[in-house]
Amino acid sequence: MKLIRIHPNDNVAVALTDLKAGEELTLDGLTVTAAEDVARGHKLALRPIAEGEAVVKYGNPIGIARADIPQGAWVHVHNVRTGLSETAEYEYCHKTYPLPELAPRTFLGYRRPDGRAAVRNELWIVPTVGCVNSIAAALVRENQHLVTGSIDGLYTFAHPYGCSQMGDDHAQTRKLLAALVRHPNAGGVLVLSLGCENLTQEQFKRELGEWDDRRVKFLVCQQFEDELEEGAKLLKELADYASQFQREEIPASELVIGMKCGGSDGLSGITANPTVGRFSDRLVSLGGSTVLTEVPEMFGAENILFSRCKDEEVFQKAVRMVNRFKDYFVSHGQVVYENPSPGNKAGGITTLEDKSCGCVQKGGSAQIVDVLEYAEPVTKKGLNLLSGPGNDLVSATDLTAAGAHIILFTTGRGTPFGAPAPTVKISTNSALYNKKGNWIDFNAGSVAEGESLDDAGDRLLDYVLRVASGEKTKAEKHGAKEIAIFKDGVTL
């Protein structure tokens with residue numbers, strides 16, 4: 001198969017292999033001759049599309065023809081423009097879809113004293129200010145001997161903030177870092193401060209709320225002659241506490257899995273993203289939770305999600321989330337459709353609508369049970385939406401802060417980064433999987449080669465349960481665990 005039409009109403013098909021000009025192609029009883037070369041992942045017109053007519057993919061308009069497009073022509077940025085604007089009206093039209101029925105599944109995880117499950121038992125150093133990043137890195141480097149027994153690793157998460165911030169930015173930094181401290185994958189946490197920053201230890205403790213002083217320790221570097229010696233002492237105490245936890249059988253219903261995409265290509269919405277969607281439906285059917293973010297990459301496809309909000313209240317929260325992000329763009333003098341990236345376009349994505357319709361495939365078909373603010377924790381079982389930008393590291397950090405045990409990251413171009421939570425890289429095409437085996441954990445390119453999405457979803461569920469039980473991702477093996485904090489305002 002060289003072409004795929006995703007929806008019967010589509011007037012374009014996606015090339016599954018590189019096509020040559022003059023090549024005769026048959027699809028759904030229709031014969032089309034390629035009028036020009038069309039690269040894998042790019043679109044070909046199945047019929048003539050008139051200037052001003054909608055280009056339809058996924059059964060949805062993904063743009064408007066800039067000029068007449070003949071049958072067999074390459075359909076991309078040169079002859080298609082976005083149909084998006086800064087305003088839209090939304091109406092709640094509730095839809096439900098059946099979920100698969102599965103027998104209960106389990107994984108080998110850690111049970112925390114507060115009852116929460118974890119998939120890792122790590123020691124984390126969380127700097128409250130960028131000034132102590134080098135101290136945190138030295139503590140990690142000099143105390144690797146603590147990684148033994150059931151302790152899975154010792155990590156820190158460098159960032160440039162915690163001082164010279166005002167208003168919402170300061171509050172978001174404080175909220176995000178406190179959420180990381182609470183994350184169940186951390187068996188012990190050292191909160192590392194300098195002593196003169198805006199984000200004081202007293203502020204941070206108020207944000208954190210209650211904590212177990214066996215699990216969370218605080219160090220203000222300016223208060224000690226040798227902060228490395230004091231830090232090593234506190235890390236040893238945390239390691240002694242964390243080492244008591246051992247893996248045990250835990251129901252899959254207790255998993256929280258984040259979902260995002262980056263470096264997308266024309267196959268993202270055909271292979272990897274719907275595979276993640278099938279996984280999401282399966283985990284929700286098992287009683288677990290999934291989280292979808294990247295709000296700007298919902299623009300143009302938001303109604304696909306809105307129709308699955310479980311009730312009017314959740315629908316209104318979802319509308320407010322999308323409209324706030326549009327207002328955020330406009331307030332900075334930017335258009336809402338300044339996307340996709342150059343890499344996305346090279347991979348075959350033409351407009352933001354094209355990207356968004358593929359992006360939301362990760363949400364599967366389950367009902368949306370809640371809409372969360374930035375770094376707000378998941379509290380409801382099922383599919384959740386999380387407010388956050390599309391940027392890979394910012395949104396992956398946001399998913400971790402919301403409580404995701406593991407993050408599923410689909411990509412058609414490849415990327416080596418990892419969030420604090422284990423980050424599973426899922427390739428949209430087999431060529432990427434074969435080329436970047438040191439980055440990619442799971443190949444969904446097989447869907448373009450004949451594997452059914454249901455089989456791929458089952459295979460991904462099996463893999464996620466193995467990762468939850470301790471199998472390390474490629475990013476973990478390379479020590480890739482990073483954060484980025486959402487920033488909007490003034491730096492002093």
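The model is predicted, so local features are reported at pLDDT of at least 70 and side-chain atom pairs at pLDDT 80 or more, while totals for chains, interfaces and linings use all residues. Residues are numbered from 1 along each chain as its sequence is written, and side-chain values use heavy atoms, without hydrogens and water.

One cavity of 30 Å³ or more is present in the structure (a cavity is a set of points on a 1 Å grid over the protein atoms alone where a 1.4 Å probe fits but cannot get out, and its lining residues have an atom within 4 Å of a point). The largest cavity holds about 60 Å³ of space, a volume being the space filled by probe spheres set on the grid points, which are joined across faces, edges and corners. Its lining consists of 13 residues, and D265, S268, G269, I349 and G358 lie nearest its centre. By class, the lining comprises three nonpolar, six polar and four charged residues (Asp, Glu, Lys and Arg count as charged; Ala, Val, Leu, Ile, Met, Phe, Trp, Tyr, Cys and Pro as nonpolar; the others, Gly among them, as polar).

Helix α9 (residues 352-359) supplies the largest share of this lining, four residues (helices are DSSP runs of H or I with at least four residues, numbered from the N terminus). Eight of the eight residues of α9 are buried, so the helix is largely enclosed by the rest of the structure (buried means under 20% relative accessible area, exposed over 50%, and partly exposed in between, with a 1.4 Å probe and protein chains only).

Elsewhere, M166 lies in the loop between β13 (153-156) and α2 (167-182). With 44% relative accessibility, M166 counts as partly exposed.

Definitions and conventions:
1 Å grid on protein atoms, 1.4 Å probe; cavity = no way out; pocket = protein on both sides within 12 Å on 5 of 7 lines; lining within 4 Å. Helix = DSSP H or I, 4+ residues; strand = E, 2+ residues; numbered from the N terminus.
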